[in-house]
Amino acid sequence: NDEAREPLSRKVPIASSRINPYQMVIMIRLVVLGFFLRYRILNPVHDAIALWLTSVVCEIWYEREGEASMLCPLDIFVSTVDSLKEPPLVTGNTVLSILAMNYPVDKISCYVSDNRASMLTFESLSETTEFGRKWVPFCKKFEIEPQAPEMYFSLKIDYLKDKVQPTFVKERRAMKVM
């Protein structure tokens, strides 16, 4: 069975001639957004104060402890077709990121649609489920960003910055081993 020997992930080199135009588009969009925000601040629309206040209230909305959440339930669908083009490790990281979102646990559902019915994808998602039972509470407890384990552990940052709980180092080490 060739599928059992497929790698869980792979790195694909991309020529800078393909990446650079994309990066330029991102930079242009950021500059345009900056000009737009500057314009909105310097030229306020006085007839839209109610709209502005509504958006500010929505941005700072928070849930109170002990009260039922008023947020809408979210159903998120992850679609995958080919375990060679979309490595199962990437799919697993996507699912873990979704489940670790800062959203009430009882209000979020993640569905994976594997159109090829790959046994490799199935097995990796089974492992993802087991790991997720530990990863998601770890992310929520220590407010981990980014929530994809592969990305989080590959970053070269000071992971102790702003982490004052004494159990953090021990639990982080255990997560990395898992």
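Ser79 is partly exposed, at a relative accessible area of 48%.

Some ground rules. This is a predicted model, where local features need pLDDT of at least 70, side-chain atom pairs count only at pLDDT 80 or more, and totals for chains, interfaces and linings use all residues. Residues are numbered from 1 along each chain as its sequence is written, and side-chain values use heavy atoms, without hydrogens and water.

Back to Ser79. It lies in strand 1. Strands are DSSP E runs of at least two residues, helices H or I runs of at least four, numbered from the N terminus. What does Ser79 contact, leaving aside neighbours within four places in sequence? Glu86, Ser113 and Asn115. Contact means heavy atoms within 4.5 Å.

Now Glu86. It sits in the loop between strand 1 and helix 3. Glu86 is partly exposed too, at 28%. Beyond four places in sequence, Glu86 touches Ser79, Thr80, Val81 and Thr91. Its side chain makes a polar contact with the Thr80 side chain, at 3.3 Å. That term means N or O atoms within 3.5 Å; within protein, one must be able to donate a hydrogen and the other to accept it, and sequence-adjacent residues count only if both atoms are side-chain atoms.

On to helix 3, residues 88-99. Its buried residues include Thr91, Val95 and Ile98. The buried residues of helix 3 pack against strand 1, strand 2, helix 4 and helix 5.

Definitions and conventions:
Expected span 1.5 Å × (residues − 1). Buried < 20%, exposed > 50% of the residue type's maximum accessible area, 1.4 Å probe, protein only.
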